[in-house]
Amino acid sequence: MFKKEDILVITPTFSGGGAEHIAINIANYYSLAGHKVSILCFSNNGPYLKQVSNSIKVINLEAENWSDQIKKLSHFLKKSKKLKVVSTVRSANIVYGLATIMLGRKLKHKAIFLEVNTFDSIRNKSFLKRKIWSLVMLLSYFKADVIGCSSADVMSELLRVVPILKHKAVVVGNPVVPENFNKLR
């Protein structure tokens, strides 16, 4: 058994798709295992909010745009004690990385970023925008201790965008199990 620790799961909202659902599954799992778990979101809207266990504290930063998210998350992290951070969505990963850079000091937090989506949205941008995204991802993802990719293809795409992260990237598989799993099986 491993040591019980404070865990902070970051997700932008409680709406959307699989990545938000992963955030809730992870938070509920670790809470059930006896950890003190909080979920931090930038907006607490969406249908998945009702799936969060009552034992989990929901922290709503009420931040609508990137700069507000970075500023408020930076402030939150500055006053937080040592945490294990799990960020589940690319935009939240970037906000966390940039918020820690903004603090200008090494935090005692350990961070795991999950990368579950392909890079189609970045690949379809202009050359300049692709380079900007690559730079922003490099700066922010460098703050992660581990980058968990949902498949070998996602990891390959991540390393095409930011190859220097090879030593941090691992394939972990997608932890979402649909409610009708047994029926589908």
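What share of the contacts in the chain with a separation of 6 or more comes from residues 24 or more positions apart? Such residues account for 68% of these contacts, where contact means heavy atoms within 4.5 Å.

## Basis of the model

This is a predicted model, in which local features need pLDDT of at least 70 and side-chain atom pairs count only at pLDDT 80 or more, while totals for chains, interfaces and linings use all residues. Residues are numbered from 1 along each chain as its sequence is written, and side-chain values use heavy atoms, with hydrogens and water left out.

## Overall form

The chain has a radius of gyration of 16 Å, which agrees with the value near 16 Å for a compact globule of 185 residues; the radius is taken over C-alpha atoms, and the globule rule is 2.2 Å times the number of residues to the power 0.38. Of the 185 residues, 44% count as buried, that is, under 20% relative accessible area with a 1.4 Å probe, protein chains only.

## The sheet

The secondary structure comprises seven helices and seven strands, which are DSSP runs (helices H or I, at least four residues; strands E, at least two) numbered from the N terminus. The seven strands form an open sheet with parallel pairing, in the order E3-E2-E1-E4-E5-E6-E7, where two strands pair if DSSP finds at least two bridges between them. Its edge strands, E3 (57-60) and E7 (169-171), each pair on one side only.

Strand E1 (residues 6-10) pairs with strand E2 (residues 36-41) over five bridges, and Leu8 has Ser38 in E2 as its bridge partner.

Conventions: Buried means under 20% relative accessible area, exposed over 50%, partly exposed in between (1.4 Å probe, protein chains only).
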